[in-house]
Amino acid sequence: MVGRALTCAVFALAGLLFYISAQTAQGTSLRTDNTLLHLSDVIQQRSTQNQQDQAQLSALQDRADALVKEQSRSPADTAQLDALQKAAGLQALQGPGLTVTLNDAPPGATARIPGVPEPGVNDLVIHQQDIQAVVNALWRGGAEGIQVMDQRLIATSAVRCVGNTLLLQGRVYSPPYVVKAVGRTDGLRAAVDNDPTIRNYLQYVAAYGLGWKVQESTDLQVPGYGGSVDLHAATGG
């Protein structure tokens, strides 16, 4: 009975996460989203503390998972619970996959193609929609799990930028930005190659020297999500 109840709880959580994903995946454009710039100093100060808190939470979740498996007497319940945790992004994945790296242009970069105008500041840095385009393309290409920098994405994960840094699940990162996805490499690469936003980004790569690298792997590893899955607030639209 305990195993069945826990399985139902995880199933309900997974359903809620995927519903919220439809709202958070859309994101906003960094080129026009200036409302978060004044928060950069506060977020930087709290990033280290968030990292420590996530490490503690991950350890507690591991202990809780061990207790759940000990109390689950039915092998079928245990297998179903494992499958639901995997679908929710709570378990590590290993297999073939793709690694995509994006980076700002070199300092002092100028136009590399005749007839192209000299770049402005926004032409030389990675924007939110650039990272989102890669993540969304990998999902469409059949990714089983995605990692951005050192964090696993779940259904409620939202890629944001504050100033010229990436904000992800309470922590901040500077470029280069590394996105890893486990899945069939042919489907992943085709989705990346055919994405219109990525094609537009590649024009800036050619014109101004923005960084872009795609690597295939036969044995890629992404960790399980180690943060909180609690829903703090939600509003209907």
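This is a predicted model: local features need pLDDT of at least 70, side-chain atom pairs count only at pLDDT 80 or more; totals for chains, interfaces and linings use all residues.
Which residue in strand 6 is the bridge partner of Leu-167? Val-172 is that partner.

Residues are numbered from 1 along each chain as its sequence is written, and side-chain values use heavy atoms, leaving out hydrogens and water.

**View 1. Three strands form an open sheet in the order 4-5-6.** The pairing is antiparallel. Strands (E, at least two residues) and helices (H or I, at least four) are DSSP runs, numbered from the N terminus. Two strands pair if DSSP finds at least two bridges between them. Strand 5 (residues 165–168) and strand 6 pair over three bridges. Strand 4 (160–162) and strand 6 (171–173) are the edge strands, and each pairs on one side only. Neighbouring strands of this sheet are turned by 40° against each other on average, direction ignored.

**View 2. Helix 4 (residues 128–140) crosses helix 5 (residues 185–194).** Their axes come within 8 Å and cross at roughly 135°. Axes are lines fitted to C-alpha atoms, for helices over the stretch in contact, and angles run from 0 to 180 degrees between N-to-C directions. The two helices are therefore oblique to each other. (Angles under 35 degrees count as roughly parallel, over 145 as roughly antiparallel, 65 to 115 as roughly perpendicular and the rest as oblique.) Helix 4 brings Ala-137, Leu-138 and Arg-140 to the contact, and helix 5 brings Leu-188, Ala-191 and Val-192. Contact means heavy atoms within 4.5 Å.

**View 3. Ile-146 sits in strand 2 (residues 145–148).** Is Ile-146 buried or exposed? Ile-146 is buried, with a relative accessible area of 0%. (Buried means under 20% relative accessible area, exposed over 50%, partly exposed in between, with a 1.4 Å probe and protein chains only.) Not counting residues up to four places away in sequence, Ile-146 touches several residues, including Val-135, Trp-139, Leu-153 and Val-179. Gly-183 is 37 residues apart from Ile-146 along the chain, and their C-alpha atoms are separated by 9.3 Å.

**View 4. A cis peptide bond joins Pro-175 and Pro-176.** Its omega is about 5°. Pro-176 belongs to the loop between strand 6 and strand 7 (177–182).

**View 5. Met-149 has a positive phi, near 55°, and is not a glycine.** Met-149 lies in the loop between strand 2 and strand 3 (151–152). Gln-169, also not a glycine, has a positive phi of about 55°. Gln-169 is in the loop between strand 5 and strand 6.
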